[in-house]
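The exercises below ask the reader to work through one protein model step by step. Please look at the sequence and the structure before turning to the solutions.

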Amino acid sequence: MNCTLENREALIEAYLLRKLSETETEAFEHHFFGCRECAEELSVRRQLIEALKTEKSVRAAETPVSRLLRGRSTYWPYLAAAALVIGMILLPRLFNSQAPEIRVENFAENSQLESFLEQNVKNPAFSLTVLSPQTGENLQGKIVFAWEASHHDESYTGHLDLVIMNNQRTDVLRKTVQGGRFQLESKLIPGRYYWTLEYQNETVHVGKFFVGKPQE
Ligand SMILES: [Zn+2]
């Protein structure tokens with residue numbers, strides 16, 4: 001048996017608060033005498049309202065001291081609930097800051113960039129040895145990029161452009177580095193990364209590394 005009454009909840013509430021007109025009241029009473037769902041709902045709500053009324057009158061009769069003594073036991077469930085909610089919001093954030101979420105898609109291969117790997121130094125006048133990170137290395141914490149480069153051309157100043165990309169080939173960082181060493185201060189989210197060294201807009205190295213790669 002299902003009640004087909006529309007705005008049932010609102011009707012019951014209005015009835016209990018005596019907000020219905022005489023005809024509306026009669027019509028609703030006529031309905032709920034024959035509707036078990038409405039009758040039950042009505043009874044539950046009536047009890048709720050009675051309980052609230054009793055609670056109010058008990059409080060009104062209390063002295064300030066007894067209210068204060070009661071206060072703790074009255075409010076601690078609310079405080080506990082609030083603490084629980086705050087904890088549920090804050091805890092995952094704290095957890096995330098220590099161990100960021102590992103997303104499988106961030107580790108996917110970029111076949112285009114993958115094909116450039118190890119195709120170092122097309123320029124015969126340029127000599128480059130990459131010290132860090134090693135190709136495919138799994139890194140944690142601060143990442144150090146280091147290389148030794150020399151050029152037969154005297155105009156070479158020792159500046160190379162370092163580009164770090166995620167597996168979507170989106171630049172994470174682009175920086176001109178002098179002296180063959182750069183330490184990345186910002187933390188990268190777990191994933192597969194590629195990095196290149198460019199000399200005068202010519203790519204002289206493509207490498208890859210992982211951050212926080214799970215053990216297989
Ligand atoms: Zn009904």
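The model is predicted, with pLDDT of at least 70 required for local features and 80 or more for side-chain atom pairs, while totals for chains, interfaces and linings use all residues. Residues are numbered from 1 along each chain as its sequence is written, and side-chain values use heavy atoms, without hydrogens and water.

**Exercise 1. Describe the order of the elements in the chain and state what share of its residues is buried.**

Solution. Begin with the definition: helices (H or I, at least four residues) and strands (E, at least two) are DSSP runs, numbered from the N terminus. The chain has five helices and eight strands. Read from the N terminus, their order is α-α-α-α-α-β-β-β-β-β-β-β-β. Next, take burial: a residue is buried under 20% relative accessible area, exposed over 50% and partly exposed in between (1.4 Å probe, protein chains only). Of the 216 residues in the chain, 31% are buried.

**Exercise 2. Determine which residues of helix H2 are buried and where they lie around the axis.**

Solution. First, consider the length. Helix H2 covers residues 22-34, and its 13 residues reach 19 Å from the first C-alpha to the last, close to the 18 Å expected; the expected span is 1.5 Å times one less than the number of residues. Second, identify the buried residues of H2, namely Thr25, Phe28 and Phe32. These cover an arc of only 70° around the axis, which puts them on the same side of H2; the arc is that of the directions from the helix axis to the C-beta atoms. Third, turn to the face of H2 directed away from the buried side: exposed residues there include Glu22, His30 and Phe33.

**Exercise 3. Identify the donors of the zinc ion and explain why their arrangement is tetrahedral.**

Solution. Start with the donors, which are N, O and S atoms within 2.8 Å of the metal (3.2 Å for Na, K and Ca); water is not among the atoms, so sites may look incomplete. The zinc ion is coordinated at 2.0 to 2.4 Å by Cys3 (SG), His31 (NE2), Cys35 (SG) and Cys38 (SG). Then examine the angles: the four donor atoms subtend 102 to 114°, which makes the arrangement tetrahedral, a term that requires all angles of four donors to lie between 85 and 135 degrees. Along the chain, the donors follow the spacing C-x27-H-x3-C-x2-C. Cys3 lies in the segment before helix H1 (8-16) and His31 in helix H2, so this pair ties together parts 28 residues apart in sequence. Finally, Cys3 is buried at 18% relative accessibility, whereas His31 is partly exposed at 22%.

**Exercise 4. Classify the aromatic pairs Phe32 and Phe33, and Phe145 and Trp195.**

Solution. Apply the criteria: rings of Phe, Tyr and Trp (its six-membered ring) pair if their centres lie within 6.5 Å, and planes under 30 degrees apart count as stacked, over 60 as edge-to-face and the rest as tilted. The structure holds ten aromatic pairs. Phe32 and Phe33 are 5.0 Å apart centre to centre with 45° between the planes, a tilted pair. Phe32 is buried at 10% relative accessibility, whereas Phe33 is exposed, with a relative accessible area of 68%. Phe145 and Trp195 form an edge-to-face pair, with 5.0 Å centre to centre and 65° between the planes. Phe145 lies in strand S3 (residues 143-151) and Trp195 in strand S7 (residues 191-199), so the pair ties together parts 50 residues apart in sequence. Both Phe145 and Trp195 are buried.

Key
Tetrahedral: all angles 85-135°; square planar, octahedral: opposite > 155°, others 65-115°.
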